[in-house]
Amino acid sequence: MRNAVVEKIEDDEPLLELMLRDAARQKQLYQPGPYWSRKTKNTTNQIRRLGIGDFRGASSTIGLSFTDSIHLDVRNDLSGGVRSLLRIMLSSVFPINRIFDAQIALTRSHESETRRMRAMVFGASQRVRELVERYTIPASLLGGCLNHVEVAGQRVAIHYLNLLHEHDVIAGEGRFSDVSSILEIGGGFGAHVHCLIENYPKLRKIAYLDIPPNLYIGTQYLRAFYSDAVIDYRQTRGLSEIRFSDNDDLEILAVAPWQIERLRLSIDVLYNAHSFVEMPAHVISNYAHHVAALPGFDRTRVVMLTYNNFDPRTTLDPNRLPGFFPSKSFDRGEFPMLDRSFGVIAFVSRSEPS
């Protein structure tokens, strides 16, 4: 499936505010944990101020930690209350503003040169050429992406290449060519879902779950490509049971964490990449409990990826992850990232229950 050329990602402020109002009413179990609490507040403030048209660019820190945005100016971190006043002062009061602006200009030049060198390395990479030959890489720059490389005459986001690299390593064990339905918990801004849809024609039913406001960004990102196939939060919030439609139409359900209790979906794959370890253990346990109650879970393949350089002060030991699904037995693998110094740990459940 080739999606049409898309030039703009639309804002939908009422949808964002609806998600945030409902999120504030949820019990602590469904609130962002320590790793994400401040990040989501910052993201929300910046979306309200700037919109999401450039969320992968360098004009804000909206996508910090879950997108490929470029962080150049620390003043972009200052949003909300007194922090906003501090940002205004640092941006407008002479001579402080001149000092900051000069430093940002210097940083921008270094960052630009770094991106140019990275693009050269990626452009000459045999592994990148393999990925481009093996997979359809959809239009991947929407949202102001600056981290890209030209391969075979096409500008491609390095983030998408990283996703496809990770996917390629586990695709065989996960038997993705047979997958028709998937639940991704912690779907980020939707790039992984985007890659899967464009490469697996059988995949028609997707449930994409994340915390607001990340869920809002992912909803609007995927909607830019798939329009009415995206079923957003305002369409599902009043449902007592959330199901896939009984047809072969493409359907992407964008659901909030507390809606996990209302999912009544049969899924071929449960997928999580790099975010379970950023959650408190009791939150993962709750997700696992509700997923295990889904119809046909004994046939569901569980795929969990995480970076191997976790910090025990802020993240969970990744080797604990299989324990949240005691009915499954897992194969464990480890492989290097495409463009990072650290590696990835992968857990893929076996076909037979333990």
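1. Basis of the model. The model is predicted; local features need pLDDT of at least 70, side-chain atom pairs count only at pLDDT 80 or more, and totals for chains, interfaces and linings use all residues. Residues are numbered from 1 along each chain as its sequence is written, and side-chain values use heavy atoms, with hydrogens and water left out.

2. The sheet. Eight strands form an open sheet with mixed pairing, in the order β5-β6-β4-β3-β7-β8-β10-β9. Its edge strands, each pairing on one side only, are β5 and β9 (330-336). Helices (H or I, at least four residues) and strands (E, at least two) are DSSP runs, numbered from the N terminus. Two strands pair if DSSP finds at least two bridges between them.

3. Strand β6 and its partners. Strand β4 (residues 205-209) pairs with β6 in the parallel sense over five bridges, and Ile206 has Ile252 in β6 as its bridge partner. Strand β5 (residues 230-231) also pairs with β6 in the parallel sense, over two bridges; here Ile231 has Leu253 in β6 as its bridge partner.

4. Burial of β6. Five of the five residues of strand β6 (residues 251-255) are buried, so this strand is largely enclosed by the rest of the structure. Glu251, Leu253 and Val255 point one way from β6, while Ile252 and Ala254 point the other way, and all are buried. Buried means under 20% relative accessible area, exposed over 50%, and partly exposed in between (1.4 Å probe, protein chains only).

5. Helix α7 on the sheet. Helix α7 packs on the sheet and touches β3 (181-185), β4, β6 and β7 (269-273); its direction makes about 165° with that of β3. Contact means heavy atoms within 4.5 Å. Because nine of the nine residues of α7 are buried, the helix is largely enclosed by the rest of the structure. Among these buried residues are His192, Cys195, Leu196 and Asn199. The cover over the buried residues of α7 includes α6, β3, β4, α8, β6 and β7.

6. Helices α7 and α8. The axes of α7 (residues 191-199) and α8 (residues 214-226) come within 9 Å and cross at roughly 25°; the two helices are therefore roughly parallel to each other. Ala191, Val193, His194, Ile197 and Glu198 of α7 make the contact with Tyr221, Leu222, Phe225 and Tyr226 of α8. By class, these residues are seven nonpolar, one polar and one charged. Axes are lines fitted to C-alpha atoms, for helices over the stretch in contact, and angles run from 0 to 180 degrees between N-to-C directions.

7. Helices α5 and α6. The axes of α5 (residues 126-134) and α6 (residues 158-174) come within 10 Å and cross at roughly 80°, which means that α5 is roughly perpendicular to α6. Angles under 35 degrees count as roughly parallel, over 145 as roughly antiparallel, 65 to 115 as roughly perpendicular and the rest as oblique. Arg127, Val128, Leu131, Val132 and Arg134 in α5 meet Leu161, Leu164, His165, Asp168 and Val169 in α6.

8. Phe297. This residue lies in the loop between α10 (281-292) and β8 (301-307). Phe297 is buried, with a relative accessible area of 5%. Apart from neighbours within four places in sequence, Phe297 is in contact with Val291, Ala292, Val302, Phe325, Ser327 and Lys328. The C-alpha atoms of Phe297 and Lys328 are separated by 9.9 Å, and the two residues are 31 residues apart along the chain.

Notes: Nonpolar A, V, L, I, M, F, W, Y, C, P; charged D, E, K, R; others polar.
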